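Here is a short briefing to read beside your sequence and model.

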Amino acid sequence: MRRALALARKGEGFTRPNPLVGAVVVKDGEILAEAYHERFGGPHAEVLALEKAGEKARDAELYVNLEPCVDFPGKKTPSCTEAIIRAGIKRVFVATRDPNPHVCGRGLARLREAGVEVVEGVLAEEAKKLNEIFFHWITARTPFVALKLALTLDGKIASYTGKSKWITGEEARRVVQGLRRRYAAVLVGTNTVLADDPELTVREFAGPQPLRVVLDPHGRIPLTARVFSGTAKTLVVTADMSPEKEEALKARGVEVLRAPDREGKVDLARLLLFLAEREVDSLLVEGGGEVAWSFLSQGLVHKIYFFYAPIILGGRNAVPAVGGEGFPEPAQALPIKGITLEWVGKDLLLTGYTGTARLETLGTKDSGSGS
């Protein structure tokens with residue numbers, strides 16, 4: 001099953017909004033074949049692995065990290081459960097059930113009905129974490145939102161002069177490139193673009209580019225910004241940009257969404273629903289401090305990636321990792337759960353979860369899937 005999970009991860013960035021799935025065919029303790037879901041609309045992992053195994057698959061075992069699919073209206077690929085039955089597999093090991101209501105439990109029931117032994121729950125937690133984006137998307141139909149920050153030990157993301165390159169090392173920046181490939185869209189605010197002029201693309205890994213989302217409430221970002229260049233798509237979200245600026249952006253192929261709220265800021269809830277309508281299953285928020293506070297304070301973040309550099313920057317006017325007005329009392333602070341720590345080169349990566357349920361209230365909960 002660990003091998004199936006490792007194989008599944010190879011599909012990161014290519015299968016969305018479908019899940020990451022790996023499959024391994026084993027007979028008499030020997031691996032006969034293995035495969036993974038390589039791209040959206042392509043053959044599923046189980047089918048590919050069984051095709052590789054051929055006749056040797058009869059009376060073999062199959063390890064797969066997600067419940068094999070069944071036929072349902074609108075489905076684009078053949079049923080994996082029927083392929084497993086036809087191949088003569090005698091036993092299937094499954095990490096987790098598919099949360100898609102069209103599939104959940106039905107695939108396993110069909111296998112058992114056909115006389116195939118089914119073993120559930122092997123490395124279930126690891127499998128759920130691997131597909132946390134899919135699990136959220138298929139049930140809530142809103143983007144899974146993660147917040148990424150690179151900060152010093154004293155919680156700064158830029159010096160009092162506004163400089164932030166580079167707080168973290170090359171290894172950490174490479175990991176961020178991988179995150180951009182994993183998430184369907186990446187978002188920054190006006191201040192980050194004006195200070196750093198990022199391109200917000202994936203440059204060190206193969207795969208599709210994320211949608212670049214830029215919050216520009218008042219149309220302050222110049223047309224020459226790198227986030228408007230290249231072939232990657234860009235969406236600018238604004239509250240009161242001038243019509244002239246909007247037309248100029250559209251002429252460059254940039255999409256503009258107007259999402260004001262009562263205070264003249266961008267309505268983030270409306271933005272997330274707009275992205276959901278575009279089948280954007282996940283969003284990586286990359287900064288800066290004011291944007292981080294806006295998402296966190298509204299309960300719109302599911303996961304955090306905090307890269308801590310082993311340095312102290314200091315400065316009462318240095319830029320804090322999370323800005324805004326803050327919570328008035330420690331008892332009201334946002335708790336982070338499920339924390340893990342790992343070294344990334346010289347930097348320390350802390351990942352955790354907010355446990356917020358705010359996003360689930362935004363979606364339509366229409367769990368149809370074209371997988």
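What volume does the second largest cavity have? The answer is about 70 Å³. The model is predicted, so local features need pLDDT of at least 70 and side-chain atom pairs count only at pLDDT 80 or more, while totals for chains, interfaces and linings use all residues. Residues are numbered from 1 along each chain as its sequence is written, and side-chain values use heavy atoms, with hydrogens and water left out.

**Cavities**
- The structure holds two cavities of 30 Å³ or more (on a 1 Å grid over the protein atoms alone, a cavity is a set of points where a 1.4 Å probe fits but cannot get out, and lining residues have an atom within 4 Å of a point).
- Lining the second largest cavity are G13, T15, R16, N18, P19, L20, N131, I133, F134, R182 and D281.
- That lining divides into four nonpolar, four polar and three charged residues, with Gly counted as polar.

**Helix 4**
- In helix 4 (residues 106-113), G107, L108 and L111 are buried (under 20% relative accessible area, 1.4 Å probe, protein chains only).
- These residues lie on the same side of helix 4 because they cover an arc of only 95° around the axis.
- Their cover includes helix 3 (80-87), strand 4 (91-96) and strand 5 (117-120).
- Just after helix 4, G115 has a positive phi of about 90°.

**G338**
- G338 sits in strand 15 (residues 337-344).
- G338 counts as exposed because its relative accessibility is 51%, and exposed means over 50%.
- Leaving aside residues up to four places away in sequence, G338 touches T351, G352 and Y353 (contact means heavy atoms within 4.5 Å).

Technical notes
1 Å grid on protein atoms, 1.4 Å probe; cavity = no way out; pocket = protein on both sides within 12 Å on 5 of 7 lines; lining within 4 Å. Points joined across faces, edges and corners; volume = space filled by probe spheres on them. Helix = DSSP H or I, 4+ residues; strand = E, 2+ residues; numbered from the N terminus. Arc of directions from axis to C-beta.
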